[in-house]
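Good morning, everyone, and thank you for making the time.

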Amino acid sequence: MSISIPFDNSYARLPASLFSRHLPTAVRDPKLIAFNRDLADSLGITGDASDQELAQIFSGNQIPNGADPLAQLYAGHQFGQWNPQLGDGRAILLGEAQNRDIQLKGAGPTPYSRNGDGRAWLGPVLREYVVSEAMHALNIPTTRALAAVETGEDIYRETALPGAIITRVASSHIRVGTFQILAARGDIEGLQALFEHAVARHYPDASSPVEFLNAVIAAQAELIVKWLSVGFIHGVMNTDNCAISGETIDYGPCAFMDTLNPMQVFSSIDRHGRYAYGNQPDIIVWNMAQLATALVPLMEDRDHAVESFTASVHAMPVMIQRLWREAFAAKIGIADPTADDETLVMELMGMMGKQNADFTNVFRGLSDGSPRDQFVDRDAFDTWSNKWKKRLESEANVDLLMQSVNPDRIPRNHQIEAMISAAVQGDYTPFHTLQAALANPYETDPAFEAFRRPPSEDERVKATFCGT
Ligand code: AMP
Ligand code: MG
């Protein structure tokens with residue numbers, strides 16, 4: 001008995017310049033760490049398989065029927081610098097099920113590996129598994145995790161580390177950089193085919209490149225505001241890590257803030273803070289400008305195209321500001337915010353920043369007890385709180401609203417790190433407990449009280465690594 005995956009392979013039917021057909025490289029002794037059965041069901045995966053059989057499939061040792069494995073080509077701006085060729089250097093797309101990509105990440109070298117080994121180690125695989133599933137539970141568009149396996153092989157970074165493979169599910173892996181490489185190469189046929197494919201898959205109502213750009217801009221504006229509203233820092237918002245679908249993709253050095261700090265950076269490679277928490281709204285506009293540039297060759301009247309693309313990109317900051325105001329007003333219980341409400345939010349966040357208050361616990365505390373304890377200067381908080389309570393008199397269902405947008409628990413960095421350290425020692429209990437704690441993050445649960453706790457000084461994570 002084995003499982004059956006209802007593959008379609010629409011990407012493999014695109015022009016050959018967009019990808020390389022390529023098989024995973026077999027691994028020695030794969031062991032299943034996790035298999036996401038709910039997600040498998042939603043992909044139409046049927047049948048039963050033992051953990052051993054699942055490990056064979058999701059390590060790439062056994063190619064499931066109907067798969068047409070390939071590595072996708074893309075380029076991208078990395079930290080603002082153009083890199084003319086990237087591509088899946090360690091990821092292999094098996095195919096699509098229910099219109100969603102099923103991709104092995106860490107499955108061995110591909111024609112796009114450059115100097116990399118095509119592998120991933122256990123730490124980043126588990127981080128991506130837990131954080132992407134937590135993002136989904138937080139109602140934030142994201143790629144999902146279908147499976148994780150240990151490979152039974154060591155890989156070498158600075159030291160020997162256990163190898164692992166994650167199976168990622170995405171509504172597609174088309175990135176800004178996928179458009180960029182075709183535009184840069186003057187491959188107009190490929191660009192047109194990719195455009196039509198992306199429209200059909202993601203934005204079927206878009207009837208022109210401008211409408212398509214506007215749809216991507218709207219999706220990305222919503223996504224970035226959702227990140228901000230839970231304190232998420234992506235860490236590497238390069239154009240190759242920016243999905244056309246509007247899903248969060250590529251969990252590398254990502255992290256959630258504990259205390260509020262607009263300039264917070266965790267990624268060890270982000271030395272100038274380009275991808276700091278508070279810079280994310282600017283960077284996404286920059287990324288959309290790169291997408292716009294890559295779409296220009298699709299237009300017959302290029303001058304006119306540049307004009308309308310520019311207008312679309314210029315409208316984005318205002319759109320983000322409006323969404324930000326709505327999202328953060330909701331976090332303090334206000335449904336239809338005015339400019340004054342934005343000031344009220346800013347006052348609270350100003351105090352939080354100055355007094356190193358815990359971002360998640362302050363907002364959750366507004367509906368769940370006392371956020372006052374989070375502040376050093378409690379008089380200042382009381383003054384704000386009185387003003388806020390007056391404002392709430394004209395609002396209904398404030399607690400419900402706040403509880404639906406202020407999570408009780410987030411994947412805190414120190415818990416992720418502790419979970420990874422345990423797993424490297426062979427103890428997967430924290431991996432499973434953390435997942436359980438993050439599965440319903442908007443519901444208070446005494447069983448998971450410990451997961452609300454911010455890090456102590458010596459638990460605080462100062463830097464996160466790409467883990468490549
Ligand atoms: P990332 O930082 O994960 O977005 O990766 C950036 C680029 O480097 C992508 O083209 C990856 O496929 C590639 N890459 C990352 N790690 C490896 C690796 N271990 N082997 C080969 N390519 C890699
Ligand atoms: Mg990437």
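When I speak of a polar contact with the ligand, I mean a pair of N or O atoms that lie within 3.5 Å of each other. Please also bear in mind throughout that what you see is a predicted model.

Let me begin with ligand 1, where a nitrogen atom of the ligand is 3.5 Å from an N or O atom in the side chain of Arg-157. An oxygen atom of ligand 1 is 3.1 Å from an N or O atom in the side chain of Asp-250, and, this time on the backbone, an N or O atom of Gly-87 lies 2.7 Å from an oxygen atom of the ligand. The ligand has 480 Å² of accessible area on its own, and the protein covers 86% of that.

How many residues surround ligand 1? There are 17 of them, and the closest are Gly-87, Gly-89, Arg-114, Asp-117 and Gly-118. Sorted by class, this shell holds two nonpolar, seven polar and eight charged residues.

Now let us move to helix α9, which runs over residues 339-354 and so contains 16 residues. From the first C-alpha to the last, α9 reaches 23 Å, which is close to the 22 Å expected at 1.5 Å a residue. Several residues of α9 are buried, among them Leu-344, Val-345, Leu-348 and Met-352. As a general point, an α-helix has 3.6 residues a turn, so residues three or four places apart point the same way. Which helices do the buried residues of α9 pack against? They pack against α8 (302-331), α10 (359-365) and α11 (378-392).

My last topic is the backbone angle phi. Just after α9, Asn-356 takes a positive phi of about 50°. Asn-99, which sits in the loop between β9 (91-97) and β10 (100-105), has a positive phi near 70°. Asn-397 lies in the loop between α11 and α12 (398-405), and its phi is positive as well, at about 50°, although it is not a glycine.

Is Asn-397 buried or exposed? Asn-397 counts as exposed because its relative accessibility is 59%, and the cut-off for that word is over 50%. Asn-99, with a relative accessible area of 44%, is partly exposed.

Note on methods. Residues numbered from 1 in each chain as written. Chains lettered and ligands numbered in written order. Predicted model: local features only at pLDDT ≥ 70, side-chain atom pairs only at ≥ 80, totals over all residues. Heavy atoms only, no water. Helix = DSSP H or I, 4+ residues; strand = E, 2+ residues; numbered from the N terminus. Expected span 1.5 Å × (residues − 1). Buried < 20%, exposed > 50% of the residue type's maximum accessible area, 1.4 Å probe, protein only. Contact = heavy atoms within 4.5 Å. Near = heavy atom within 4 Å. Polar contact = N/O pair within 3.5 Å; in protein donor to acceptor, adjacent residues only side chain to side chain. Areas by Shrake-Rupley, 256 points an atom, 1.4 Å probe, with all protein chains shown as cover. Nonpolar A, V, L, I, M, F, W, Y, C, P; charged D, E, K, R; others polar.
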